[in-house]
Amino acid sequence: MTASRRPSTRRTGASDESTAPAPAQLDLFPVRPVVDVLDARAVVGPRTGVEHLVRVRLRPNDAPHLVFHDRHGWYCDAHGPSCQAVTLARDEVR
Ligand SMILES: [Zn+2]
């Protein structure tokens, strides 16, 4: 019996904070995010497992988000994998 199948408790990539950007709507933002791809080995260390390290400012004057890409996947240092900066960082690296 499938008595109580929860319909949509897990939505990948979608957060309740409505901060998740739709790529096609980026032009609606008055200020473009600033995305800098850093050298992970220079910042974290030569033996790091971090593949990518990206610094993202959602606005030029905002405090930067540090987004890591390692064997655990992509995540923001401060806000975790659902942070909007993660999406921007991934788009920049690819
Ligand atoms: Zn963040």
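Of the 94 residues of the protein, 17% count as buried, where buried means 20 or more other C-beta atoms within 10 Å of the residue's own, exposed means 12 or fewer, partly exposed lies in between, and C-beta atoms are placed from the backbone. This is a predicted model, in which local features need pLDDT of at least 70, side-chain atom pairs count only at pLDDT 80 or more, and totals for chains, interfaces and linings use all residues. Residues are numbered from 1 along each chain as its sequence is written. The protein has 2 helices and 4 strands, arranged along the sequence as β-α-β-β-β-α. Helices (H or I, at least four residues) and strands (E, at least two) are DSSP runs, numbered from the N terminus.

**Confidence**

- The average pLDDT of the protein is 83, and 68% of the residues score at least 70; pLDDT is the predictor's confidence in each residue, from 0 to 100.
- Confidence is lowest in helix H1 (residues 40-43), with a mean of 92, and highest in S4, at 97.

**Sheet**

- The 4 strands form an open sheet in the order S1-S2-S3-S4, with antiparallel pairing; two strands pair if DSSP finds at least two bridges between them.
- Strand S1 (34-38) and strand S4 (73-76) are at the edges with a single partner strand each, so one side of each has no neighbour in the sheet.
- On average, neighbouring strands of this sheet are turned by 20° against each other, direction ignored. Axes are lines fitted to C-alpha atoms, for helices over the stretch in contact, and angles run from 0 to 180 degrees between N-to-C directions.
- S1 is joined to strand S2 (residues 52-57) by 5 bridges, and the two run antiparallel; Val35 stands opposite Val56 in S2.
- S2 and S3 also run antiparallel, joined by 5 bridges, and Leu53 has Phe68 in S3 as its bridge partner.
- S3 and S4 are antiparallel and joined by 4 bridges, with Phe68 opposite Tyr75 in S4.

- The buried residues of H2 are Ala85, Val86, Thr87, Leu88 and Ala89, and they pack against S1, S2, S3 and S4.
- The largest nonpolar core has 13 residues, of which Val54, Val56, Val67, Cys76, Ala85, Val86 and Ala89 touch the most other members. A nonpolar core is a set of buried Ala, Val, Leu, Ile, Met, Phe, Trp, Tyr and Cys residues joined through C-beta atoms within 7 Å.
- S2, S3, S4 and H2 each give two or more residues to this core, and H2 provides the largest share, 4 residues.
- In soluble globular proteins, nonpolar side chains tend to be buried together.

**Contacts of selected residues**

- Two residues are in contact if their C-beta atoms, placed from the backbone, lie within 7 Å. Among contacts between residues at least 6 apart in sequence, 28% join residues at least 24 apart.
- Val56, in strand S2, is buried because 23 other C-beta atoms lie within 10 Å.
- Val56 and Asp36 are 20 residues apart in sequence and 6.3 Å apart in space, C-alpha to C-alpha.
- Cys76 touches His65, Val67, Cys83, Ala85 and Val86, with residues up to four places away in sequence left out.

**Loop positions**

- Asp77 lies in the loop between S4 and H2 and is partly exposed, with 14 other C-beta atoms within 10 Å.
- Beyond its neighbours within four places in sequence, Asp77 is in contact with His65, Leu66 and Phe68. From Asp77 to Leu66 the separation is 11 residues in sequence and 5.4 Å in space, C-alpha to C-alpha.
- Glu51 is in the loop between H1 and S2 and counts as exposed because it has 12 C-beta neighbours inside 10 Å.
- Glu51 touches Ala40, His69 and Asp70, not counting residues up to four places away in sequence. Glu51 and Ala40 are 11 residues apart in sequence and 6.8 Å apart in space, C-alpha to C-alpha.
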